Amino acid sequence: MSPTSSADQAAAPPRRNDRRRARTRARLIAAAREMLVNPHYAERSIAEITEAADVGLGSFYNHFASKPELFDAAVAEVLEEHGALIDAATSDITDPAEAFAVGVRYTGRLVITHPQIAQVLATKGMSLLDATTGLAPRLRRLLVAGQKSGRFADIRPEVAAVSVGGSLLGLLHLWLGAPESVDESWCDEMVERLLVMLGLDATEATTLARAPLP
């Protein structure tokens, strides 16, 4: 047997172990994501989490030191997915106002397109307004870019971000709670009002808020 073959065989078990560990971690995070849609998620026990993940109870601490660490990892994964969705929708848009409108309209429509993400955002609520991933940092960048380009009025970015984020979280809460009453037109009307608040005239705000989404 050649030295190369021996080395390959010796390296194979760690790779299998790494894949097994990755699968276990992914199952734990997936179970945590399902639980995050309930405001009382923190009350779930580690035994309940591992049962939902279909992994051994003892394996939990091979990946996470505590329940909060697991739930933080699950939230981070949700925010990364949300951010990737926004990036994909706005990557070819150069106008900050248009990118803002598209990003917020896509986020509102998560109730339809990605209900689990919408539920997690609504559950975490205002704590996400200063998050370092997901919509929050993208909103801040767009608001600053909009002001620098003259598209948005000179409003303190933090105040604008809180106004936008609070409105959006409120919409998600209402839509999830009464899906038979709230629809996409609510989201578009909210975006229209937010654009006016940011300094666009009513006609352009209406155009951007009602345009076909990419």
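The structure described here is a predicted model. In an unreviewed entry, UniProt assigns residues 22-82 the feature "domain: HTH tetR-type".

A further record from UniProt, also an unreviewed entry, places the feature "DNA-binding region" at residues 45-64. Over residues 45-64 the chain is 40% helix and 0% strand, and the end C-alpha atoms lie 14 Å apart.

Aspartate 54 sits in the loop between helix H2 (46-53) and helix H3 (67-90). Most residues other than glycine have a negative phi. Is aspartate 54 buried or exposed? The relative accessibility of aspartate 54 is 62%, so this residue counts as exposed, the cut-off for exposed being over 50%.

Two helix pairs are described next. Two packed helices are described by the angle between their axes and the distance between the axes.

| Helix pair | Axes come within | Crossing angle |
|---|---|---|
| H4 (residues 96-108) and H7 (residues 135-148) | 9 Å | roughly 155° |
| H8 (residues 157-177) and H9 (residues 184-197) | 11 Å | roughly 170° |

With a crossing angle of roughly 155°, and with angles over 145 degrees counting as roughly antiparallel, H4 and H7 are therefore roughly antiparallel to each other. The crossing of H4 and H7 is left-handed. On the H4 side the contact is made by Pro96, Ala99, Phe100, Val104 and Thr107, which meet Leu135, Leu139, Leu142, Leu143, Ala145 and Gly146 in H7. The residues of this contact divide into nine nonpolar, two polar and no charged.

H8 and H9 cross at roughly 170° and are therefore also roughly antiparallel to each other. The crossing of H8 and H9 is right-handed. From H8, the residues Ser163, Val164, Ser167, Leu168, Leu171, Leu174 and Trp175 meet Glu184, Trp186, Cys187, Met190, Leu194 and Met197 in H9. The residues of the contact of H8 with H9 comprise ten nonpolar, two polar and one charged.

Notes: Residues are numbered from 1 along each chain as its sequence is written. This is a predicted model: local features need pLDDT of at least 70, side-chain atom pairs count only at pLDDT 80 or more; totals for chains, interfaces and linings use all residues. Side-chain values use heavy atoms; hydrogens and water are left out. Axes are lines fitted to C-alpha atoms, for helices over the stretch in contact, and angles run from 0 to 180 degrees between N-to-C directions. Helices (H or I, at least four residues) and strands (E, at least two) are DSSP runs, numbered from the N terminus. Angles under 35 degrees count as roughly parallel, over 145 as roughly antiparallel, 65 to 115 as roughly perpendicular and the rest as oblique. A crossing is left-handed if the near helix is turned anticlockwise from the far one by less than a right angle, and right-handed if clockwise. Contact means heavy atoms within 4.5 Å. Ala, Val, Leu, Ile, Met, Phe, Trp, Tyr, Cys and Pro count as nonpolar, Asp, Glu, Lys and Arg as charged, and the others, Gly among them, as polar. UniProt positions are given in the numbering used here, feature names are shortened, and annotations may be inferred rather than shown by experiment. Buried means under 20% relative accessible area, exposed over 50%, partly exposed in between (1.4 Å probe, protein chains only).
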